[in-house]
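This report describes selected local features of one protein chain. The sequence and the structure come first, and the text follows.

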Amino acid sequence: MNQVLAVVIFAIAFGCIAIERFDKIKVVLSAAGLMAVLGLIPSDAIFFDPHIGIDWNVIFLLLGMMVIVGVVKQTGLFDYLAIWAAKHSRGDPFRLMVMLMTITAIASPVLDNVTIILLVAPVTIVVCDQLDLPAQPFLIAEVLAANIGGAATLVGDPPNIIIGSRAGLSFNDFLIHMAPAVAVIFVLFVVCTRVLFRGPLSRPARDVEAVLTLDERAAITDPGLLWRALAVLTGVVIGFASHTVVDIAPSIVALIGAGVMMLVADLDIDEILREVEWGTLVFFMGLFVMVAGLIHTGVVDRLASAAVAVVGDSPLAASAALVFGSAVAGAFIDNIPYTTTVAPVVEELVAQTPDHHTGQALWWSFAFGAGFSGNGTAVAAGANVVALGIARRAGHPITFWQFTRYGVVVTAASTLLAFGYLWARYF
């Protein structure tokens, strides 16, 4: 009976999130509270169980990075980069798109794809307006690049944070196993944009001279703070890369970096904290509790048993199911709740593999599938939803199918290439 209740509550909440007609934070908090009240998960397990309940490593890692990004935003660095790209493109639409995508893809593994879109998209719209170019193709290309680039590291994409915490994978593990394939896939994606966006890119830019007169240096509002912030950010990245050596969790590294960033920023604390996406953190906490209800009542164990029965004793079949199945399912369901839900199932699959090497391959299969699924549809990832909202408010609306027709192609190609990489490396 408890299993049925947990599944019904979860399915209703998931459906409400998917159709986007209800506030997703209210939905997850209501579902989490209902599971707790009905006794589907003990109260102490919600906050203190290291295996189920709220994953505080994920929450505090996101919190620390949000504070760090909030300070960097005050320096005008991202405005500087966007204006620089616009000027150096000299009005060539394809060159401009490549530059903006490259900036986005390089930054998203260090910060995260949602934050990068929040910072770069408004500036992209301004530049496109100056050049009299349609902003929609550039925004779509940036989102696709952010989701691809974010898959390269532990902190670049929320699904990676969830997978890393569940599987015990470090920042360096993601760099070694994910980053090389992501880099190749991104380069191929850049090459293909000439064909994918051939219609919009054939339109000549106007008012190029007006853009060339913009001074990107004027966008840097506080050079001293910029250098201090970059120094702290560099230290945080080094901390991520060496956390297994010094035995400090990435969440602690991020929190220390956030504290140091606030010390060197000399900004009002309330102003910095306003940059934190508290709603996103609350959403994650509610979502973790919902998934904990499925774990505690045994639903996840039954799903894992069914998955093992389907793939049998073939690790290659399991890998293919995780890559392509995640790409499809995550494209229609936000890849964050999808990853949170399926991660315990993958953990059970890994536990039944014959060796550690094969088990790790399944985690990377899941990471590729869940990460690249974010490009599948307009609602598949937080970065997509954020970009569509910014575009709509700026008078450049992007429809669901306008985004999705590009996203489906990129997701299909990315997952095929990722599976080829996994096959060659692990099987």
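Phenylalanine 368 and tyrosine 421 are both buried (buried means under 20% relative accessible area, exposed over 50%, and partly exposed in between, with a 1.4 Å probe and protein chains only). The rings of phenylalanine 419 and tryptophan 423 form a tilted pair, because their centres are 6.0 Å apart and their planes stand at 40°. Rings of Phe, Tyr and Trp (its six-membered ring) pair if their centres lie within 6.5 Å; planes under 30 degrees apart count as stacked, over 60 as edge-to-face and the rest as tilted.

The model is predicted: local features need pLDDT of at least 70, side-chain atom pairs count only at pLDDT 80 or more, and totals for chains, interfaces and linings use all residues. Residues are numbered from 1 along each chain as its sequence is written, and side-chain values use heavy atoms, with hydrogens and water left out.

**Aromatic pairs**

By the pairing rule there are 10 aromatic pairs. Phenylalanine 368 and tyrosine 421 make an edge-to-face pair, with 5.8 Å from centre to centre and 75° between the planes. This pair links distant parts of the chain, since phenylalanine 368 belongs to helix α21 (residues 356-373) and tyrosine 421 to helix α23, 53 residues apart. Helices are DSSP runs of H or I with at least four residues, numbered from the N terminus.

Phenylalanine 419 and tryptophan 423 both lie in helix α23, 4 residues apart, or about one turn of the helix. An α-helix has 3.6 residues a turn, so residues three or four places apart point the same way. Phe324, Phe419 and Trp423 form one aromatic cluster.

| Residue | Relative accessible area | Class |
|---|---|---|
| Phenylalanine 419 | 12% | buried |
| Tryptophan 423 | 47% | partly exposed |
| Threonine 415 | 3% | buried |
| Histidine 396 | 14% | buried |

Threonine 415 is found in helix α23 (residues 400-426). Its side chain reaches the backbone oxygen of threonine 411 at 2.8 Å. Such a polar contact is a pair of N or O atoms within 3.5 Å; within protein, one must be able to donate a hydrogen and the other to accept it, and residues adjacent in sequence count only if both atoms are side-chain atoms. Leaving aside neighbours within four places in sequence, threonine 415 is in contact (heavy atoms within 4.5 Å) with Val323, Phe324, Ala327 and Phe372.

Histidine 396 lies in the loop between α22 (382-393) and α23. With neighbours within four places in sequence again left out, histidine 396 touches Ile125, Asp129, Ala135, Gln136 and Ala391.

**Helix α2**

How far apart are the end C-alpha atoms of helix α2? They are 20 Å apart, which agrees with the 20 Å that the 14 residues of the helix (residues 24-37) should span at 1.5 Å a residue. The expected span is 1.5 Å times one less than the number of residues.

The buried residues of α2 are Val27, Val28, Ala31, Ala32 and Met35. They cover an arc of only 120° around the axis, so they sit on the same side of α2; the arc is that of the directions from the helix axis to the C-beta atoms. Lys26, Ser30 and Val37 are exposed on the other side of α2.

Aspartate 23 caps the N-terminal end of α2, with a side-chain oxygen 2.9 Å from the backbone nitrogen of isoleucine 25. Glycine 39 follows α2 and has a positive phi, near 75°.

Notes. Helices (H or I, at least four residues) and strands (E, at least two) are DSSP runs, numbered from the N terminus.
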